[in-house]
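The following exercises concern one protein chain.

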Amino acid sequence: MKKHNYSAGPCILPQEVFQQSAQAILDFNHSGLSLLEISHRSKDFVAVMDEARALVLELLGLEGKGYQALFLAGGASLEFLMVPYNLMKIDGKAAYLDTGTWANSAIKEAKHFGETVVVGSSKSENYNHIPKDYTIPSDASYFHCTSNNTIFGTQMQSFPKTNVPLVCDMSSDIFSRVIDFSQFDLIYAGAQKNMGPAGTTLVVVKEEILGKTGRSIPSMLDYQQHVAKESMYNTPPVFPIYASLLTLQWLKKLGGIAAIEKINQAKAALLYAEIDRNPLFKGTAAIDDRSHMNATFLLVNEAHQETFDALWKAAGISGLAGHRSVGGYRASMYNALPLESVEVLVAVMQDLENKI
């Protein structure tokens, strides 16, 4: 039976990426060696790193605009630390928008480095919306936001105009929609949503914002060190970077971000229409802030849970259970999830309605 993978991450990737990655593990570039055993300094892997970094900038429209793409380790959670280490001035302050669990975690790390101003928060309402009316201090070293909140199913539909450097955690929606990426000074994203398997983290940084904090930064945590070494300061996570390159190549072949955005919009529109139409279900996120990546919804009557769970599992659906912070269900519709999978889920929701 075909599986319909709604896992929130690590999550679905293109089938051709699995096939190419599997082949590379057995024999990489007809070398007779596995990708898992070659030197990261070898000609073959240096070519992978160079192409992956260049393709990131190409797809984001940031070529020749003063940005560097890095593939690091430690997940987005390490970036919660590295961002203030590299950007918050000594005796300075940083501004943060609190829109979910991961934004809140980033705020906690920033507090180790200086004054951390939370300009807006939806925590008191269980993060069911994106705060709109907030002011960013003009003397902040940077403003940090999270573009998509995986757990709570909310997504920023626009970003503030500000004169301070704009930093964004795009872990769960990078490469999924057309944005003017040049408005951001630093973007970071764990690979395991739209880009590749867990194990590497993408950082895209405008070089001119670095080296201005006045503090000494340990080498492994210094973006400038990683830029200078072309993302090879230490042994990089070879396999996740290669799989990420394959995914980026797949996206480019598809037509880039503009092409995948249309597909993602169609998937989200289909599912949200059913959530709103079907009297057995209700969404949890404010309509204006609904995520195209993670749709969160509940059963109106929990007495139907056993029946619904049996139906979607029988249909080959996997990973639909909601996060414990919200409950209910979460359909993660990342780039590689086909429209067919959403059609199957909608049919199951309609089947439940017919049975009740």
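Contact, as used below, means heavy atoms within 4.5 Å. This is a predicted model, in which local features need pLDDT of at least 70 and side-chain atom pairs count only at pLDDT 80 or more, while totals for chains, interfaces and linings use all residues. Residues are numbered from 1 along each chain as its sequence is written, and side-chain values use heavy atoms, with hydrogens and water left out.

**Exercise 1. Determine which residues Leu245 touches, not counting residues up to four places away in sequence.**

Solution. Begin with the location: Leu245 is found in helix α6. Helices (H or I, at least four residues) and strands (E, at least two) are DSSP runs, numbered from the N terminus. Next, consider accessibility, where buried means under 20% relative accessible area, exposed over 50% and partly exposed in between (1.4 Å probe, protein chains only). Leu245 has a relative accessible area of 3% and is therefore buried. Finally, with residues up to four places away in sequence set aside, Leu245 touches Val48, Glu51, Ala52 and Leu55. A C-alpha to C-alpha distance of 9.8 Å separates Leu245 from Asp50, although the two are 195 residues apart in sequence.

**Exercise 2. Describe helix α6 and state what covers its buried residues.**

Solution. First, the extent: α6 spans residues 238-254, 17 residues in total, and reaches 25 Å from its first C-alpha to its last. This is close to the 24 Å expected at 1.5 Å a residue, the expected span being 1.5 Å times one less than the number of residues. Second, the burial: twelve of the 17 residues are buried, so α6 is largely enclosed by the rest of the structure. Among them are Val238, Pro240, Ile241, Tyr242, Trp250 and Leu251. Third, the cover includes α1 (15-26), α2 (43-60), β2 (67-72) and α7 (256-277). After the helix comes Gly255, with a positive phi near 125°.

**Exercise 3. Identify which residues of helix α9 are buried.**

Solution. Helix α9 comprises residues 339-355 and reaches 25 Å between its first and last C-alpha, close to the expected 24 Å. Its buried residues are Ser341, Val342, Val344, Leu345, Val346, Val348, Met349 and Leu352.

**Exercise 4. Examine the backbone at Pro10, Asn29 and Ser231.**

Solution. As background, most residues other than glycine have a negative phi, and most peptide bonds are trans. The peptide bond from Gly9 to Pro10 is cis, with omega near -5°, and Pro10 is found in the loop between β1 (4-5) and α1. Asn29, in the loop between α1 and α2, has a positive phi near 55°; at 46% relative accessibility it counts as partly exposed. Ser231 lies in the loop between α5 (223-228) and α6 and has a positive phi near 65°. Ser231 is buried, with a relative accessible area of 4%.
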